[in-house]
Amino acid sequence: MSATADHVIKCRAAVAWEAGKPLVIEEVEVAPPQAHEVRLKILFTALCHTDVYFWEAKGQTPLFPRIFGHEAGGIVESVGEGVTELQPGDHVLPVFTGECGECRHCKSEESNMCDLLRINTDRGAMISDGNTRFSKNGQPIYHFVGTSTFSEYTVVHAGCVAKINPAAPLDKVCILSCGICTGLGATLNVAKPKKGSSVAIFGLGAVGLAAAEGARIAGAARIIGVDLNTSRFEQAKKFGVNEFVNPKDHDKPVQEVIAEMTGGGVDRSVECTGSIQAMISAFECVHDGWGVAVLVGVPNKDDAFKTNPVNFLNERTLKGTFYGNYKPRTDLPSVVEKYMNKELELEKFITHSVPFSEINKAFDYMLNGQSIRCIIRMED
């Protein structure tokens, strides 16, 4: 346990008091880290669509007051009992999912879905004791996906913290905590396109653009962007997308359009929308014999995937992925190095930057469709 790990810290946090209402900058108390926890000083955080979705609370159980935020970069301020792999001063990325290192998933080379620390959007407290580490005037304030980075200080389970190269600029690599790795890894780790191959990307939001970036890095020759919003096409060119299809422009299913464009289908496809129809199209547009489709988007809970089983018998493969198949503590440091080596370009994902006091502007930018990622600077 480090020297400051027994002190309560008072700091600013952006508190969501109720669904859909602007966040309020409040002074909150942040309790010391308990066993297997660390307290982080957040320097930069970013707004992800998942934060907005749960802040709006239209499709899930509302839990307020709450501190949102899960894409961030910071420095370890103190560590709790039993934490040996991190120490004060380490540069880190907190992650919404974790790696305990002990369960069957963590011990498997094929999985990153840790039994202990897998994402739980309904949980509003720490897993060790069921209590929050945030409060204001004695009132508990709930956590979000174990990270709650819209606060100058936060407490996170040590298994959800990736230690990274201290030379990496936290205002850039912080966006690797969620959406960028989800799309990037879906292509590089799961679809695995070969150099010179063709890849279709369904949905050109942040995750889809990251999937396209993965295809660019892999050396794909044809990267076909599929989106209902034609205004996204120009921006997508920066990420290697060189052909575009808007399903609304055609009077036949988009999978048939893509099959005609590519002489039978693309080699790989990555679906990043959550639309069940897009998922079916993404699968049915890959070439028989070797085509692989990867599902990334989260569907509605009542959706059902329907396709003719002959599509599988004709040697098309359908896969799913969670967080791009990256193990947070093991793999994130190497993704940061891809950026440091100029292999991965992150600047083009960052469209806006605001001081912490103006965090609600970040929500406005996203709700208006203006931003891919907006960086929030904790020190105004």
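Two strands are taken to pair if DSSP finds at least two bridges between them. Helices (H or I, at least four residues) and strands (E, at least two) are DSSP runs, numbered from the N terminus.

## Basis of the model

This is a predicted model, in which local features need pLDDT of at least 70 and side-chain atom pairs count only at pLDDT 80 or more, whereas totals for chains, interfaces and linings use all residues. Residues are numbered from 1 along each chain as its sequence is written, and side-chain values use heavy atoms, with hydrogens and water left out.

## Strand E5 and its partners

Strand E5 (residues 91-94) pairs with strand E9 (residues 161-163) in the antiparallel sense over 3 bridges. Within this pairing, Lys163 of E9 is the bridge partner of Val92. Strand E4 (residues 71-79) also runs antiparallel to E5, to which it is joined by 2 bridges; here Ile75 stands opposite His91.

In a regular strand the side chains alternate between the two faces of the sheet. In E5, His91 and Leu93 point one way, while Val92 and Pro94 point the other way. These residues are all buried, a term that denotes under 20% relative accessible area, with exposed meaning over 50% and partly exposed lying in between (1.4 Å probe, protein chains only).

## The six-stranded parallel sheet

An open sheet of 6 strands shows parallel pairing in the order E12-E11-E10-E13-E14-E15. Strands E12 (243-245) and E15 (317-320) stand at the edges with a single partner strand each, so one side of each is left without a neighbour in the sheet. From one strand to the next, the twist averages 20 degrees. Strand E10 (residues 198-202) is paired with strand E13 (residues 268-271) in the parallel sense over 4 bridges, and Val199 has Arg268 in E13 as its bridge partner.

Angles run from 0 to 180 degrees between N-to-C directions, and axes are lines fitted to C-alpha atoms, for helices over the stretch in contact. Helix H7 (residues 254-262) lies across E10, strand E11 (222-226) and E12, at about 160 degrees to E11. Helix H8 (residues 276-284) lies across E10, E13, strand E14 (292-295) and E15, and runs at about 170 degrees to E13.

## Annotated domain

The unreviewed UniProt entry places the feature "domain: Alcohol dehydrogenase-like C-terminal" at residues 206-336. UniProt positions are given in the numbering used here, feature names are shortened, and annotations may be inferred rather than shown by experiment. Over residues 206-336 the chain is 37% helix and 15% strand, with the end C-alpha atoms 18 Å apart.

## Salt bridges

Side chains of opposite charge can pair when their charged atoms come close. With a salt bridge taken as a side-chain nitrogen of Lys or Arg within 4 Å of a carboxyl oxygen of Asp or Glu, a search of the whole structure finds 22. One of them joins the side chains of Arg222 and Glu243 (2.6 Å, N to O). This pair links distant parts of the chain, Arg222 being in strand E11 and Glu243 in strand E12, 21 residues apart. Arg222 is partly exposed, at 28% relative accessible area.

Arg133 and Asp129 also meet through their side chains in a salt bridge (3.2 Å, N to O). Arg133 counts as buried at 4% relative accessibility, whereas Asp129 is partly exposed at 37%. In the salt bridge between Lys237 and Glu234 (3.1 Å, N to O), Lys237 is partly exposed at 44% and Glu234 is exposed at 55%. Salt bridges that share partners join Glu213, Arg216, Glu345 and Lys348 into one network.

Note on methods: Contact = heavy atoms within 4.5 Å.
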